[in-house]
Amino acid sequence: MVRFSRRVILLLLLVLVLLSLVVRYPLVQHERNQTDSYTMHLLSKSIVDQGYAKWTFSPLSYVGYYPLSYPSGVPFLLAEIAVITGADIELSILLCNLLLAVIFCFGMFGLSREFLSKPEYALLATFFAVMGARFVDTSYWDGGARAPMVVLLTLAVFAAFRSSSTGQRKLILVACVLALGCFATHHMAILLVLFGIAYVLAAFQVQFLLPRFRVHKTRAAFAWNLTMLVTVIVTAFILFEYFGDLALMNLRRSSFFDLEPALLSVLLNMGVAYANQIGVVLLCALFAVPIILWRSYLSTERLFLVTLPIAFIPMLGDPIYVSMLLSPFVACLGAVWISRAAKSSRKKAVATLLVSLLAATMFVPLWSTNRWNSAEYLSGDMVQVDSRVYSDATYLDVTYPGAFAMCSNMNTLWIQLAASSETRFPVGGMMGVIYGDITLADVKRNVTWSDRGFPANLYNWFEYNDGPNYEILVMGMFIYGIGFVKSSGGSADSGGYFASHSKVLAIMDNSLPYQYAGTYAKQHSGLAAQLENAYWGSNQTNPGGVDLPSYMIYASGRITVFALQIPL
């Protein structure tokens with residue numbers, strides 16, 4: 001590869017920064033249609049409105065280790081951006097994503113320089129990481145916490161390695177602060193333990209094991225790492241149920257391969273999943289491992305790139321999260337292989353391969369974002385009311401400000417409408433805390449020490465027992481109809497709860513007629529049928545209809561809204 005001057009390197013890094021901004025240029029009118037984004041949107045909006053996070057019952061609440069809480073770094077960040085800029089939360093999410101893209105470029109370049117001596121290859125590694133399909137997806141007008149977590153982790157590892165290589169002990173403090181930021185951003189920060197294990201394994205080889213071999217150091221390194229690889233795989237199978245039912249279900253049937261034995265399908269689909277989310281550079285990274293181990297000079301930094309995937313083997317069954325954490329280091333491994341291939345005498349073949357890699361790395365995230373952008377967006381379902389055009393969310397905001405609503409689809413639909421309007425959807429968890437349905441006294445009275453086993457106990461230290469489950473009340477009324485409120489089969493809390501939530505909007509997804517869509521199943525909705533056949537007031541006659549005191553309809557192509565007074 002051609003050597004570049006320092007000025008050219010800086011210019012190319014600036015080009016990567018601009019490229020990372022270009023691929024996040026919004027081609028849609030709203031934040032990405034993802035559950036995580038709208039959840040962060042709601043939490044951030046609550047901080048702006050209330051002036052504080054209502055779910056912080058304990059210092060552990062800030063990192064999500066206390067009941068009815070979530071790592072709160074992203075909601076606070078978005079709220080601060082909104083307050084400082086005066087923008088709404090949706091625009092703040094876009095600004096935050098653009099800022100993350102820039103920071104990740106510089107952080108990734110610094111990190112890759114710890115593993116690659118030549119800046120030209122560090123630029124390649126930065127390109128592969130910044131254009132990783134999964135990272136682009138989760139930072140393209142998306143308020144989720146995964147992309148910020150990856151950026152903070154990259155900076156934390158970079159600070160730790162730079163402290164080790166330069167002897168600047170103050171950088172250890174910086175790394176610790178960044179690591180704390182990781183815990184305040186996402187629960188998968190617990191996997192930082194695996195990064196520490198990988199570093200210990202690499203340092204042990206360089207400082208204690210390999211110095212004992214006067215000759216054949218590379219063979220010893222290869223044999224030692226191969227032994228660790230086999231040991232971890234066997235241990236993962238025996239102790240951690242590596243391929244449990246969930247992994248088999250997700251990785252066997254939801255991808256390209258469905259073969260026998262099932263383990264073969266899991267392995268093949270896992271490879272496809274990681275290649276799709278990290279990028280085609282993953283193939284180069286696989287060939288880089290033996291190149292590192294057969295070098296005459298083995299450093300802790302280079303061996304870390306080998307021991308890190310070994311440490312992550314017990315977690316590889318969850319590619320959605322793990323792929324993002326490993327992506328920066330896979331990019332470095334890929335650049336290591338390209339640096340070795342560039343020394344080959346087949347210059348044309350290497351150049352063709354490199355161009356193909358760059359093109360494929362650009363194509364995958366662009367294709368992925370285009371696929372997401374082509375998806376139907378709920379509030380893009382425009383309707384005309386009184387000579388004005390509204391989206392569903394805007395109509396709810398203007399017509400029923402501050403209203404309570406219950407939704408036949410308890411997944412993305414309700415949080416999308418809630419985030420885009422002032423409508424409140426009665427549910428449990430953090431939303432129940434924000435709406436005031438769950439108080440500090442309720443939480444203190446019901447908190448116990450968790451007895452969950454590994455790996456759930458990694459972030460569930462306390463549990464909230466015997467608390468009201470408002471999702472069950474909403475589900476019961478949707479499935480069984482109005483009679484559920486007074487029936488003996490309903491929850492003991494239903495009467496008191498619906499007494500304070502008697503004036504509600506019942507929102508139906510028109511793609512699910514007469515159905516209630518829960519998290520895992522769809523059931524017939526008795527309430528939907530009752531509302532369809534209801535009539536206004538008790539003085540009118542409608543054989544077979546249902547007498548509901550207050551009743552009206554708003555309908556669009558996507559949703560139908562019923563406003564009613566629940567009879568108690």
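Biologist: Why is helix α13 called oblique to helix α14?
Modeller: The axes of α13 (residues 281-293) and α14 (residues 300-311) come within 10 Å and cross at roughly 140 degrees. That makes α13 oblique to α14, because under 35 degrees counts as roughly parallel, over 145 as roughly antiparallel, 65 to 115 as roughly perpendicular and the rest as oblique. Axes here are lines fitted to C-alpha atoms, with angles from 0 to 180 degrees between N-to-C directions.

Biologist: Which residues of α13 meet α14?
Modeller: Val 289, Ile 292 and Leu 293 in α13 meet Arg 302, Leu 303, Leu 305 and Val 306 in α14; contact means heavy atoms within 4.5 Å. By class, that contact has six nonpolar, no polar and one charged residues.

Biologist: How far can I trust such details?
Modeller: This is a predicted model, where local features need pLDDT of at least 70 and side-chain atom pairs count only at pLDDT 80 or more, while totals for chains, interfaces and linings use all residues. Residues are numbered from 1 along each chain as its sequence is written, and side-chain values use heavy atoms, leaving out hydrogens and water.

Biologist: What makes Met 362 count as partly exposed?
Modeller: Its relative accessibility is 24%, so Met 362 counts as partly exposed: buried means under 20% relative accessible area, exposed over 50%, and partly exposed in between (1.4 Å probe, protein chains only). Met 362 is found in helix α16 (residues 347-373). Leaving aside neighbours within four places in sequence, Met 362 touches Leu 19, Phe 127 and Met 131.

Biologist: How much of the protein is buried?
Modeller: Buried residues make up 51% of its 568 residues.

Terms used. Helices (H or I, at least four residues) and strands (E, at least two) are DSSP runs, numbered from the N terminus. Ala, Val, Leu, Ile, Met, Phe, Trp, Tyr, Cys and Pro count as nonpolar, Asp, Glu, Lys and Arg as charged, and the others, Gly among them, as polar.
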